[in-house]
Structure formats: C-alpha cells, structure tokens
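Here is a friendly walk through the charged pairs and the nonpolar core of one structure. Please have the sequence and the 3D view at hand as you read.

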Amino acid sequence: MERETVRELLIQLRDIIAAEREYAKALDLPAMMAAVRRKETLIKALNSVEELHPEDQQVARSIQHENRRNAFLYRATLNWIQETMEFFGRKSAPVTYNPYGKAGNAAGGGRLLSGTI
C-alpha cells in the first residue's frame, strides 16, 4: 500500500475514533454504530501494512491516545452504571436494632423501589 494512502487511512481512523466518542457522549447510538463499522473497515484495510513510515508514527500515537480516551470514557460510564444499579438494588429500609442490640433491617423495605412513601 502506498504511503500516502496509509497516512490518509490513519488520519481517517483517528477522526472516526474521535467522532465515535462524540456520538457516545450525545447518546446517538445509530451514528456511533456506523462509526464503529467504519472503524472496523479501516482497521482491516490497515492490517496489510507491515511497517509505518516514521512520519506516520506520530499519527499512530495520536490514534492510540484517542483510543485510550474512548476506553476511559466507556469504562467510567460502565462503572457509573454499575454503581447506580447497586445503589437502587440495595434496600432502602433503615437499619434497626432489636432489644439485644443486634442490627437488622426494618420490615417492608424498599420504599423507593416499591413506589410507596
């Protein structure tokens, strides 16, 4: 593959990774999935490249940086979703103590999730 073509594909890949992040932040899932498919196509086209020209290595480093930014965003979002699910999964009933001082949950827990106040 010609060097100019490789550089163009690398620049397109960098741009599509950045666009994918913006689509994810905007919750535009159809556009994000289209970007993922385009990214996969570009990666397949770049698989035949055996060695990058030294000038193209800077573009490759910027691709790596953008990819790490996306990975951090997705991981942070997943952690937030998991924490939120755990929060709503916990009982909302307060802890009570029996006459012997043992902690226990009040009966009829989950007022938030049951819809009653």
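Lysine 39 and glutamate 20 are both buried, where buried means under 20% relative accessible area, exposed means over 50%, and partly exposed is in between (1.4 Å probe, protein chains only). Before going further, note that this is a predicted model, in which local features need pLDDT of at least 70, side-chain atom pairs count only at pLDDT 80 or more, and totals for chains, interfaces and linings use all residues. Residues are numbered from 1 along each chain as its sequence is written, and side-chain values use heavy atoms, with hydrogens and water left out.

The side chains of lysine 39 and glutamate 20 form a salt bridge, that is, a side-chain nitrogen of Lys or Arg within 4 Å of a carboxyl oxygen of Asp or Glu. Lysine 39 sits in helix H2 and glutamate 20 in helix H1, so this pair ties together parts that are 19 residues apart in sequence. Helices here are DSSP runs (H or I, at least four residues; strands are E, at least two), numbered from the N terminus.

The whole structure has six salt bridges. Some of them are set out here:

| Salt bridge | N to O distance |
|---|---|
| Lysine 39 with glutamate 20 | 3.0 Å |
| Glutamate 22 with lysine 25 | 3.1 Å |
| Arginine 14 with aspartate 15 | 3.5 Å |

Glutamate 22 and lysine 25 are three residues apart in helix H1, which means about one helical turn separates them. Glutamate 22 is partly exposed, at 42% relative accessible area. Salt bridges with shared partners also link Arg21, Glu66 and Arg69 into one network.

Arginine 21 belongs to helix H1 and is buried, with 7% relative accessibility. Setting aside neighbours within four places in sequence, arginine 21 is in contact (heavy atoms within 4.5 Å) with Glu66, Arg69, Asn70, Leu73 and Tyr74.

As for aspartate 15 and arginine 14, both are partly exposed: aspartate 15 at 43% relative accessibility and arginine 14 at 25%.

Now to the nonpolar core, a set of buried Ala, Val, Leu, Ile, Met, Phe, Trp, Tyr and Cys residues joined through side-chain atoms within 4.5 Å. The largest one has eleven residues, including Val6, Leu13, Ala35, Leu46 and Val59. Helices H1 (3-25), H2 (29-46) and H3 (54-89) each supply at least two of its residues, and H1 gives the largest share, six residues. Valine 59, one of the core residues, is in contact with Arg7, Leu10, Ile11 and Arg14, leaving aside its neighbours within four places in sequence.
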